[in-house]
Amino acid sequence: MKYLSTLKTVFLAFALTQVMACTSTTILPAPSQSEDIAIQFTDESLSGFFDLPGGVHRVPESQVIISGHQSNSWVGSVLGPIGLSLQSAIDAENAESAISNTEAMLQFKLTEAANAIADELIAQPEFAYHYTDYQTPRTPVLNVKTAVILTYQNETDVKPYVLLQAALKDARANTDIWWTRYIASSGPARPFSGENGWAANDGQAFEDNIAQNLEKAIKLMMTDVATPYPRYSSEVITVQGFYPYVRYKMQTVGYKMDETDTHIIYQPKLGDAIVFSGVHLIDKSTVDIRPTQEGDAVYKILEEEENTEQSQTE
């Protein structure tokens with residue numbers, strides 16, 4: 001077992017090295033635009049090949065995606081196309097069974113609510129000179145896909161992450177010139193069922209969490225696209241906690257872009273193929289944050305490290 005654990009760690013380290021060595025668009029700020037930007041939210045789904053790990057379950061007629069339940073998913077939960085395997089179909093079926101009693105609660109789309117939030121923000125002074133409701137053939141367009149990534153952190157507890165996948169399109173050239181993800185979350189994971197579960201009180205806690213993080217994610221995206229937050233090498237930090245899609249607790253290194261008493265805006269230094277690369281709005285109470293030290297791994301699965309330490313003491 002120890003040999004297999006070591007082999008898994010070595011293979012994962014090699015795979016991630018190859019992925020993170022690639023040029024990353026998601027880590028770069030949006031290019032400046034001479035024209036005001038139009039925002040278009042779409043019902044288009046995330047790509048099953050490029051945007052999602054293997055074995056996820058898409059809730060029918062919904063933008064909710066279930067992950068973190070995958071068996072033997074130490075690679076599939078991290079990488080998109082690289083992590084695909086024959087186990088995916090079984091894992092997707094397992095996810096469907098896990099949430100079958102509450103699937104009706106998860107059948108919704110964010111597109112209409114997202115458009116309404118963006119319209120309200122565009123009318124505010126801080127955005128009025130960067131965005132427009134009136135589109136011409138010269139208007140750059142920010143096309144945005146929305147999703148809720150419902151991620152299991154153990155056998156029972158799940159956490160929702162609101163994800164916006166934004167692509168800036170040059171209308172004159174009819175081509176995308178930049179893209180990234182914006183991911184917002186808050187509060188701890190909790191069970192679906194039970195007195196304090198997401199489904200309690202007709203799913204009110206779940207609905208409130210999604211609504212609040214959708215608005216936060218859209219405001220984060222519009223701010224960062226219009227006037228990008230700085231990505232300073234002097235503001236590199238190490239963050240340990242949970243991320244969307246992945247059941248394991250992980251460490252990443254990246255840029256602290258902004259911070260309040262309760263939240264941090266953070267961008268891990270990860271390549272595009274990592275399915276949670278992009279800009280994160282993180283509840284500081286749910287993660288451990290410290291200045292990056294020499295030797296800190298840009299990406300590390302902490303559960304592997306904890307299991308190794310435990311086996312050495314036994």
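Q: Why is Thr 151 called buried?
A: A residue is buried if its relative accessible area is under 20%, exposed if over 50%, and partly exposed in between (1.4 Å probe, protein chains only). Thr 151 has a relative accessible area of 1%, so Thr 151 is buried. The model is predicted: local features need pLDDT of at least 70, side-chain atom pairs count only at pLDDT 80 or more, and totals for chains, interfaces and linings use all residues. Residues are numbered from 1 along each chain as its sequence is written, and side-chain values use heavy atoms, with hydrogens and water left out.

Q: Where is Thr 151 found?
A: Thr 151 is found in strand S4, which covers residues 141-152. Helices (H or I, at least four residues) and strands (E, at least two) are DSSP runs, numbered from the N terminus.

Q: What makes the pair of Thr 151 and Tyr 245 a polar contact?
A: A polar atom of the Thr 151 side chain lies 2.9 Å from the backbone nitrogen of Tyr 245. A polar contact is a pair of N or O atoms within 3.5 Å; within protein, one must be able to donate a hydrogen and the other to accept it, and residues adjacent in sequence count only if both atoms are side-chain atoms. The 2.9 Å distance is therefore within the limit.

Q: Why is the pair of Arg 138 and Glu 35 called a salt bridge?
A: The term needs a side-chain nitrogen of Lys or Arg within 4 Å of a carboxyl oxygen of Asp or Glu. Arg 138 and Glu 35 meet at 3.5 Å, N to O, so the pair passes. The pair links distant parts of the chain, 103 residues apart: Arg 138 is in the loop between H4 and S4, and Glu 35 in the loop between helix H1 (2-20) and strand S1 (38-42). By this rule the count comes to ten salt bridges.

Q: How do you know that Arg 138 and Glu 35 are partly exposed?
A: Arg 138 has a relative accessible area of 44% and Glu 35 one of 30%. Both values fall between the two cut-offs, so both residues are partly exposed.

Q: What makes the pair of Arg 247 and Glu 155 a salt bridge?
A: The closest N and O atoms of Arg 247 and Glu 155 are 2.6 Å apart, so this pair also meets the rule. Arg 247 lies in the loop between strand S8 (236-241) and strand S9 (250-259), and Glu 155 in the loop between S4 and strand S5 (157-170), so the pair ties together parts that are 92 residues apart in sequence.

Q: Is Glu 155 buried or exposed, and how do you know?
A: Glu 155 has 64% relative accessibility, so Glu 155 counts as exposed. Arg 247, at 21%, is partly exposed.

Q: Why is Asn 201 called exposed?
A: Asn 201 reaches 66% relative accessibility, so Asn 201 is exposed. Asn 201 is found in helix H5 (residues 200-226).

Q: What is the phi of Asn 201?
A: Phi of Asn 201 is near 55°, a positive value in a residue other than glycine. Most residues other than glycine have a negative phi. Phi of Asn 174 is near 55° as well.

Q: Why is Asn 174 called exposed?
A: Asn 174 has a relative accessible area of 54%, so Asn 174 is exposed. Asn 174 is in the loop between S5 and strand S6 (175-184).
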